Amino acid sequence: MKSLVSYIQQRLTLRLGIQILLVVGVILGLFLGYVFHLTRQYAKQQAINHATEVLDSTVLRINHLMDRVEAATVSMEPLIRKNLKPDSLLAYSRRMLEEHPPVLGFTIAMEPDFFPEQGRLFSAYSLRRGDSIITINENNYEYFERDWYKTPRERQKGYWPEPYIDEGDSVLTSSEYNYSYCKPLFSIDGRILGVLCIDMLLKGISDYVTKVEAYPNSSAIMLSHDGRYIVHPDTAKLVRQTIFSDPDPRAKHDVIRLGEAMLAGQNGMQQLVVDGQDAYIFYRPLERTGWSIAIVCPASDVFSNYDRLLYSAWSIIILSLIVLMIMCFQSIRRIITPLNQLALQTQRIAEGHLEETLTPSNRHDEIGMLQNSFNLMQQSLHEYVSDIRQINDEMEQRNEELVRASQLVQEADQQKTAFIQDMSHQIRTPLNIINGFTQVLSSDHNGISDEETNDIITRIRLRAKTLSHITRMLTVSSFKDSGRLNGEQTTFNCRALCEEAIASVIPTHPDTVSITVKTDMPDDLTIHSDREALLFILDELLNNAIKFTQQGIITLACSLRDDQSVIFAVSDTGIGIAEDDRERIFTQFTKVNNFTEGVGLGLSLCQQTARMLGGELVLDTTYQDGSRFLLTLH
C-alpha cells in the first residue's frame with residue numbers, strides 16, 4: 001500500500017487523472033458563468049445604446065441653441081457693415097438685445113483708431129439688467145489682447161471662448177456665468193473691421209444638460225477647452241474647478257484618462273469610480289466649440305435588472321456546487337500552488353529581480369524536482385548576471401572617463417591654438433608700430449620737430465608698455481600655476497595704494513574719461529598683505545575699465561566694513577558686460593570681445609590672486625551703469 005501511495009505521489013499525471021472527475025463540476029460552473037458573462041455584455045451594450053441615444057439627442061439640442069446664437073450674430077453683420085457710424089453701432093448693439101430676449105449682452109468692438117474722433121478704442125456694448133438694457137461705448141476698456149477679440153481675429157472665423165464670470169475692468173459687468181460666441185467682422189473687400197461678440201447666460205445650456213435622465217440616478221457634466229466644468233450637479237464646481245481637481249483617489253488615473261479623451265474631442269464610454277461607486281461615463285464632443293458633454297450612469301442603475309436575475313440564479317448554482325468545489329479545492333490548490341510560485345518567480349525574473357530565490361521543495365515528484373532545479377538555475381543566473389553587470393559598469397565608467405579625457409584634450413588644443421593666434425596678434429601689433437616709428441626716427445631724425453619726436457616717443461612707450469603688460473600677464477600666470485605669489489607680506493596705507501594705482505593708469509586714459517578715488521577710510525588706516533599683488537589687481541581692473549569706457553567716469557573706491565573687511569570697488573560707466581558673458585569672464589584665455597587688446601588672462605589672474613590673498617574678487621551684477629568689480633580682503 002505504501003509503495004502504491006509513493007508511486008502515485010511521484011506521478012503528477014496520474015493524480016490529475018484521478019481528480020479530473022471532481023473538476024467536471026467546476027467546468028459546469030464555469031460554463032454557466034460564461035453564459036451569464038455574455039448576458040451581462042448584452043445588458044451593457046443595451047445600456048450603451050440607450051445612453052448614446054440620449055447623449056446624441058442632448059448634443060443636437062445644444063447645437064440647435066448654438067445655431068440660433070450664431071444665426072443671430074450673422075444676421076446683424078450686413079446692417080453693421082452698411083452703417084459704420086458710432087451712433088449706428090450703439091443702436092445695433094441695443095437692437096440685438098431687443099430682438100433676442102435670451103441674449104445677455106452684445107458687443108461691436110472695432111479695430112484700433114477705426115473712429116479717430118472717438119479715440120483709439122471704440123466698443124459698442126449693451127447689457128441686459130433685469131427688464132432694462134444699458135448701452136455704452138467702452139472707450140476705456142483695452143480689449144485688443146482679450147481672448148474673445150484676439151482669437152477670432154487671428155483665426156478669421158467664429159470662436160466660442162471659455163465660459164466665465166465677467167469680473168473684469170469694463171464699465172458693465174455681469175455677476176452670472178456667461179458663455180460667448182465671437183465672430184470677426186469683415187468689410188466687402190475682406191478687411192477685418194472688428195469683432196462681434198454675443199454673450200449668453202450659461203444657465204441656458206445648463207438647463208438643457210441637467211434635464212438629461214438616461215437612468216433614475218444619472219447626471220450630466222460638460223467641460224470647456226481646458227477641462228473646466230461648464231455644467232455639473234454641484235454648482236460650486238462650475239468654471240472654477242476642472243475634471244482633474246480632487247478626483248476619487250481610487251479613480252485618479254481613470255479620471256485623468258477620461259479628461260484627456262474628452263478634451264481631445266473623442267467620443268466613447270469609460271468605467272470608473274464616481275463618489276465611491278462604479279459608474280459608466282458616456283461622452284461626446286461639441287465639435288464647433290471644442291467642449292465636451294458626458295452622462296454619468298451608476299453601474300447599479302445600468303445592471304439593476306440583470307443583477308436581480310443574476311443573484312437568484314447564482315444562489316441556486318452555488319448551493320448545488322459548493323460541496324463539489326470543497327472537495328476539489330484542497331487537491332487542486334496543493335497541485336497548482338507550486339506552479340503558481342514558479343510562474344510568479346519567472347515573472348519576477350523577467351522584471352529583473354534576480355536576487356529573490358525560490359524556496360526549495362521537499363516534494364519528490366516532478367513538480368518538486370522542477371522547483372529545486374529552478375532554484376539552482378536561478379542562483380547561477382543571479383551570480384552570472386551580477387558579474388556581467390559589474391563588468392558593464394566598469395566598462396561604462398572607463399568609457400565615460402575616456403570620453404571626458406578626449407573632450408578635455410580637444411578643448412585644450414583649441415584653447416592653445418586660439419591663445420597662440422591671439423598672442424601673435426597682440427605682440428605683432430605693438431612691435432610693428434615700434435619698428436615703424438624707429439625707422440622714421442632713424443631715416444630723417446633732423447627733419448622731425450621736437451613735438452613730433454616727443455609724440456613718437458610717447459607712442460613707442462605706450463606700445464612698449466603693452467608688450468610689458470602681456471609679458472607680465474604670462475609671468476604672473478606661471479606664478480599662479482605654481483601656487484606662488486610674487487611679492488611679500490607688508491604693511492601699507494590703503495589710500496596711498498589707491499592713489500598709486502590711479503597714477504599708474506592716468507597717462508593711458510583718454511581725455512573723455514575722468515578717473516577719481518573715493519574712500520571713507522581714515523588716512524592713517526593700514527593693512528597687512530601682499531602690496532605688489534594687490535596693486536597688480538587694481539592696475540588690471542583700472543586698465544580694463546579704461547579699455548571699455550570711451551567716455552564717462554572711472555572710480556576706485558575703498559571702504560571698511562563692520563567685520564573689518566576692506567573692500568576695493570572699481571566701477572566705470574562704459575559698455576558693461578552682457579548677462580550671457582558674466583559666468584565666463586573669470587575663465588582663463590576668455591575674451592568677451594576678440595578684437596580688443598589683451599590675452600584673456602587678466603580677470604582670471606586677478607581672481608586667483610585675490611583668493612591667494614585670502615579675499616575674493618566678484619562682478620557686482622546689481623550695478624547697471626557699466627561694470628563694477630568688488631575686491632574684498634578679510
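Reader: Which side chain does the side chain of D199 make a polar contact with?

Author: The side chain of S180, at 2.6 Å. A polar contact is a pair of N or O atoms within 3.5 Å; within protein, one must be able to donate a hydrogen and the other to accept it, and residues adjacent in sequence count only if both atoms are side-chain atoms. Keep in mind that this is a predicted model: local features need pLDDT of at least 70, side-chain atom pairs count only at pLDDT 80 or more, and totals for chains, interfaces and linings use all residues. Residues are numbered from 1 along each chain as its sequence is written, and side-chain values use heavy atoms, with hydrogens and water left out.

Reader: Where does D199 lie?

Author: In strand β6, residues 192-201. Helices (H or I, at least four residues) and strands (E, at least two) are DSSP runs, numbered from the N terminus.

Reader: Buried or exposed?

Author: D199 is buried. Buried means under 20% relative accessible area, exposed over 50%, partly exposed in between (1.4 Å probe, protein chains only). D199 has no salt bridge. That would take a side-chain nitrogen of Lys or Arg within 4 Å of a carboxyl oxygen of Asp or Glu. The nearest side chain of opposite charge is R128, 11 Å away. For charge, Lys and Arg count as positive and Asp and Glu as negative; His and the chain ends are not counted.

Reader: What does D199 touch?

Author: Leaving out residues up to four places away in sequence, its contacts include Y125, Y164 and Y179. Contact means heavy atoms within 4.5 Å.

Reader: New topic. How many salt bridges does the structure hold?

Author: 17. One of them joins R95 and E99, 2.7 Å from N to O. These two sit four residues apart in helix α3 (residues 86-99), so about one helical turn separates them. R95 is partly exposed at 33%, and E99 is partly exposed at 44%.

Reader: Which residue does E111 form a salt bridge with?

Author: R153, with the closest N and O atoms 2.6 Å apart. That pair links distant parts of the chain, 42 residues apart: E111 is in the loop between β1 (103-110) and β2 (123-129), R153 in helix α4 (residues 147-155). E111 is buried at 12%; R153 is partly exposed at 34%.

Reader: And how confident is the model, what pLDDT does the protein average?

Author: 79, and 77% of the residues score at least 70. pLDDT is the predictor's confidence in each residue, from 0 to 100. Over residues 481-485 pLDDT stays under 50.
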